[in-house]
Amino acid sequence: HETEVRGICAPLIIKLAKYLCLVRVRRKRMITIKTVENKDEKTRITLEVMNALPEWFSPPEDIVNKSVIHREYPFIAAFNGSKAVGVAVLKIHNEYTADVYNFGVLKEYHRMGIGHKLMNACVDFCKENNYKFLTVKTLDESAIYEPYNGTRAFYRKEGFYPLEVFTCVWDEENPCLFMVKVISEVMTSDY
């Protein structure tokens, strides 16, 4: 009797698995990565994406402040059709270094390669503008907070190396892990 159930269910399970894979592939195909220049659009996208990710971005007044700051920074967004599903905002520190100032992908779009595509666009921006380093600040693992385990793993997978932990950037309860990715070799002639 059990083998009959398995025999009947197996084709159904295979069809379901194929359908779910097709849905995922279709979602991936519709994703586009674009540089956003319009300041009002930068504000709108910041508010939509960051407010949808309260585990990573809070409090609301901080998100509003960042939506204003982002207007002046290089801004890259991921879209599913016309819907913004991810954002990468860069802050330029000096002629050698850009910083991933804010980065987020809506949770329902995690693990679909969108973060990787956004990060590639950040790296391309750095190469096009001759930046040597791309940095990022994130919550250190000494602060036990599960959502950031994946964040740190993502940055490591993208080629960022941890350099130092600072308790004075945010506060002692939220230690800041400073990470760097080398974009291009620094030559003596660069000085």
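The side chains of K39 and E72 form a salt bridge, with 3.0 Å from N to O; the term stands for a side-chain nitrogen of Lys or Arg within 4 Å of a carboxyl oxygen of Asp or Glu. This pair joins distant parts of the chain, since K39 lies in helix 2 and E72 in the loop between helix 3 and strand 2 (75–80), 33 residues apart. Helices (H or I, at least four residues) and strands (E, at least two) are DSSP runs, numbered from the N terminus. Over the whole structure, a search finds 8 salt bridges.

The model is predicted: local features need pLDDT of at least 70, side-chain atom pairs count only at pLDDT 80 or more, and totals for chains, interfaces and linings use all residues. Residues are numbered from 1 along each chain as its sequence is written, and side-chain values use heavy atoms, with hydrogens and water left out. The protein has a mean pLDDT (the predictor's confidence in each residue, from 0 to 100) of 88, and 82% of its residues reach 70 or more.

Helix 2 (residues 39–51) packs with helix 3 (residues 60–69) at an angle of about 150°, their axes 8 Å apart. Axes are lines fitted to C-alpha atoms, for helices over the stretch in contact, and angles run from 0 to 180 degrees between N-to-C directions. Helix 2 and helix 3 are therefore roughly antiparallel, a label for angles over 145 degrees. On the helix 2 side the contact is made by T43, T46, L47, M50 and N51, and on the helix 3 side by I63, V64, K66 and S67.

Definitions and conventions
Parallel < 35°, antiparallel > 145°, perpendicular 65-115°, else oblique. Contact = heavy atoms within 4.5 Å.
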